[in-house]
Amino acid sequence: MAHSVTVTAAHPLDGLGLRMAGPPALTAVAARHLALLGATGPGSAASGGPGIVSLSDTGGPPLSAEIVWAEIASPEEVSDEATAQAATGVAHVHGRRDGEPRGLAADYLTTTCSVLAVQGLLAALIGRARGRAVETVRTGVDLAGLLAVGQYLAAATAGEAEAVPFSPGGPPFTTADGVCFEVETLDPAVWTTFWRALGVAERLAGSAWKSFQFRYATACCPLPAELHARVGAANWEEVRHAAKESGASVCALRSLAGRLAEPRPAAPWRLSPLLPASGPPSPGAAAETVRPLAGLTVLEAGRRIQAPLTAHLLGLLGADVVRIEPPGGDPLRGMPPMCGDLSARWLALNRGKRAVEIDIKSAGGRAELRDLAAGADVFVHNWAPGTAERLGLDDRDLSAVNPALVYAYTSGWAGRLADVPLGTDFMVQARTGVGEAVRPAGEVAAPSLMTLLDVLGGLLGAEAVLAGLLLRERDGRGVRVDSSLLGAAEVLTGPALRRAAGGGDSRAPEGFRRPLRTADGWVSVADDSAGRLGAAFPGEIAEMTSAEALASLRRRGLRATAVTTALEALPADPRFASALTRDEHGALAVPAPWRFA
C-alpha cells in the first residue's frame with residue numbers, strides 16, 4: 001500500500017505538448033502513455049514513414065522519439081509486426097509449445113517498442129534536467145524483438161546444453177467438465193502432492209517436475225500424457241480440492257469477454273508522491289550524453305525476471321545498479337546453461353550490476369539495506385505481497401531515511417483483483433484472457449509459454465521508475481511507483497478488448513501470422529501481404545527453398561522474411577550479426593534498445 005499525501009496530480013509531463021506523426025501501429029501506445037503522464041496535443045499527422053512522437057514546451061527545444069520497424073535489420077526484412085516477430089526469433093520461441101513457429105496474434109513487439117520509446121523520452125528529459133542536451137531518441141521494433149528473446153538467445157548461444165530438452169507440449173489442462181486451467185507452484189513437493197491427490201503416481205509426477213520448473217526458461221513443457229488424462233477424468237471441483245490440499249495454485253482461463261466486465265484503470269502503473277515538496281534533489285554527477293541516468297544509483301532486490309529486467313534497463317540508461325542478493329548469492333546464478341561460472345540467462349538480466357549479499361530476514365541485514373537506500377535514487381523490488389510491510393522496508397520506512405527516494409514495486413496483481421492465484425507470468429496470462437489475444441481463431445486459447453508478461457512487466461516497471469524520477473526532478477518529492485504483470489496484460493490485450501467492446505471480434509482471424517513452410521525452413525509474410533497470397537501459393541512455396549520463396553514473394557510485391565528457427569544461428573544471421581556482441585563471460589548480449597543524440 002502506498003502511503004501518499006494528497007496531491008492534485010502526479011503527472012510529470014504536465015505542461016508539455018505532444019505531437020505524433022507516422023503509422024499509428026508505431027505511435028499509438030507511446031502516445032497513450034505520454035498522455036497518461038500529462039502531455040497534451042493533437043492526434044497523428046501522417047500515416048507513412050517512421051513513427052515520430054515529440055514533446056515540447058515554450059521554454060526549450062522539442063524532444064523527439066523516432067520509432068522504426070528496422071533499426072538493425074534491412075527494412076526489406078523487417079517491415080511490420082509479423083516480420084519482426086519472425087526475424088528476431090519471437091515466433092520461434094512462442095511456437096516451441098506447438099512444435100513449429102507461430103506468430104503472436106497480439107502486437108507484442110510494437111507494444112514493447114512503444115514503451116521503449118517512452119522510456120527514452122523520459123530518460124532524455126531527466127538528462128536535460130541534469131544538464132545534458134538530448135534532442136532525439138531512436139528505437140526500433142527489431143531491437144524490441146532482440147530484447148524480448150534476450151534470455152533465450154543467451155542460453156541458446158552459451159555452448160552448453162539446456163537442463164531439459166526442447167519438445168512440444170505443456171499446460172493448460174482441461175477437466176472432464178470442460179474447464180481449461182493453469183497450475184502453478186514453485187515447490188516440487190507441492191507439485192507431486194497435487195498430482196497424487198488426482199491419482200497420479202508420485203514417481204510419475206516427480207519425473208515431470210523439471211520440465212514444468214524450467215518452462216519459464218525453455219518456453220515448452222513436455223509432460224507425461226497421463227497427467228492430462230487424469231485431469232480429463234476429474235471435474236473442476238476435484239482439481240480445486242487437490243490444489244487446496246496440496247498448496248498448489250490453479251486458475252481457470254478467462255475469456256476476453258469476461259474481462260470486459262471487470263474494471264480496468266487507464267494506466268498500467270501508479271505514481272504516488274510520498275512527501276511534501278522540498279525542492280529538487282541534488283543533481284549528483286553529470287549525465288553522459290548517451291547515458292542520461294549516469295550518476296544515479298538504483299538499488300534492486302528482485303528475483304526471476306520482472307524486477308531484474310526493470311533494473312537492467314535503468315542500468316543500460318546509465319544508472320549504477322546495486323543488486324541485493326541473499327547470503328550465498330542468487331541461486332539463479334547457477335541456472336544452466338552456463339558461461340563459465342555464471343548462468344547465461346542470469347547474465348542477460350544482470351550483467352553490469354554490482355551485488356551485495358544481505359540477509360533481509362535479520363535486523364542487521366534490514367539496517368544495512370536501509371543504509372544503502374539512504375544513498376540511492378531508486379529502490380525496486382518484486383517481493384511477495386505484504387513482505388515489504390512485514391520487514392519494515394515499505395515506502396514509508398525507506399522514505400524516512402531518504403525523502404527523495406523513488407520506491408518501485410513491480411508486483412503480479414497490483415492488489416486490484418480478489419481471489420487471485422500466484423502472481424506469475426502464466427497465471428496472469430490465464431486470468432486476463434491473454435491466451436485468446438495471442439492466438440488467432442482456430443487455435444485453442446492458451447497462454448504463451450514465452451514469458452510475455454514478465455518482459456513487458458519489466459519494461460513497464462522501468463517506464464514507471466523513469467516517470468517517478470522525472471516527477472522528482474520537477475517538485476522534489478519522493479515517489480512510490482507501482483507496476484504489475486496485470487498492468488502488462490491489460491496493455492497487451494487492450495486492442496482486443498477495445499474491439500470486443502465495439503462489437504467486433506476480439507480474436508484475430510484463423511491462420512493469422514502463421515508462417516509458411518518451405519523446403520528448408522519457414523517464411524513469414526507481412527500482415528498486409530498475407531491476404532494477397534492466393535490459395536495455391538502456400539503449396540508452391542513448400543517446394544521452394546526459403547531463399548527462393550522470398551525472391552518469389554518479393555517479385556509479386558509482397559513483403560516477407562525468413563523465420564528464425566534456431567536462435568544459436570542468430571549471431572551469424574546477416575540481419576543482426578553486426579549488433580550482437582559477447583560480454584567478458586562469453587555470454588551473448590543484445591544491444592541497448594535506444595539511440596540518443
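How far is the sulfur of Cys 220 from the closest cysteine sulfur, and in which residue is that sulfur?

A: This is a predicted model, in which local features need pLDDT of at least 70 and side-chain atom pairs count only at pLDDT 80 or more, while totals for chains, interfaces and linings use all residues. Residues are numbered from 1 along each chain as its sequence is written, and side-chain values use heavy atoms, with hydrogens and water left out.

The closest cysteine sulfur to that of Cys 220 belongs to Cys 221, at 7.7 Å, which is too far for a bond. Seen from Cys 221, the closest cysteine sulfur is that of Cys 220, again 7.7 Å away and too far for a bond. A disulfide is a pair of cysteine sulfur atoms within 2.5 Å, and by this rule the model has 0 disulfides. Cys 220 is buried (under 20% relative accessible area; exposed is over 50%, partly exposed in between, with a 1.4 Å probe and protein chains only). Its relative accessible area is 1%, and that of Cys 221, also buried, is 0%.

Another buried residue is Asp 482, at 9% relative accessible area. Asp 482 lies in strand E16, residues 479-484; helices (H or I, at least four residues) and strands (E, at least two) are DSSP runs numbered from the N terminus. The side chains of Asp 482 and Arg 480 are joined by a polar contact of 2.9 Å; such a contact is a pair of N or O atoms within 3.5 Å, where within protein one must be able to donate a hydrogen and the other to accept it, and residues adjacent in sequence count only if both atoms are side-chain atoms. Leaving out residues up to four places away in sequence, Asp 482 is in contact (heavy atoms within 4.5 Å) with Pro 268, Trp 269, Arg 270 and Tyr 409.

Helix H24, residues 546-555, has the buried residues Ser 546, Ala 549, Leu 550, Ser 552 and Leu 553. These residues of H24 pack against strand E18 (522-525), helix H23 (537-541) and strand E19 (560-562). The exposed residues Ala 547 and Arg 555 are on the face of H24 turned away from its buried side. Just after H24, Gly 557 has a positive phi of about 80 degrees.

For the whole protein, there are 24 helices and 22 strands. The C-alpha trace spans about 65 × 60 × 50 Å along its principal axes. Of the 597 residues, 59% count as buried. Among contacts between residues at least 6 apart in sequence, 77% join residues at least 24 apart.
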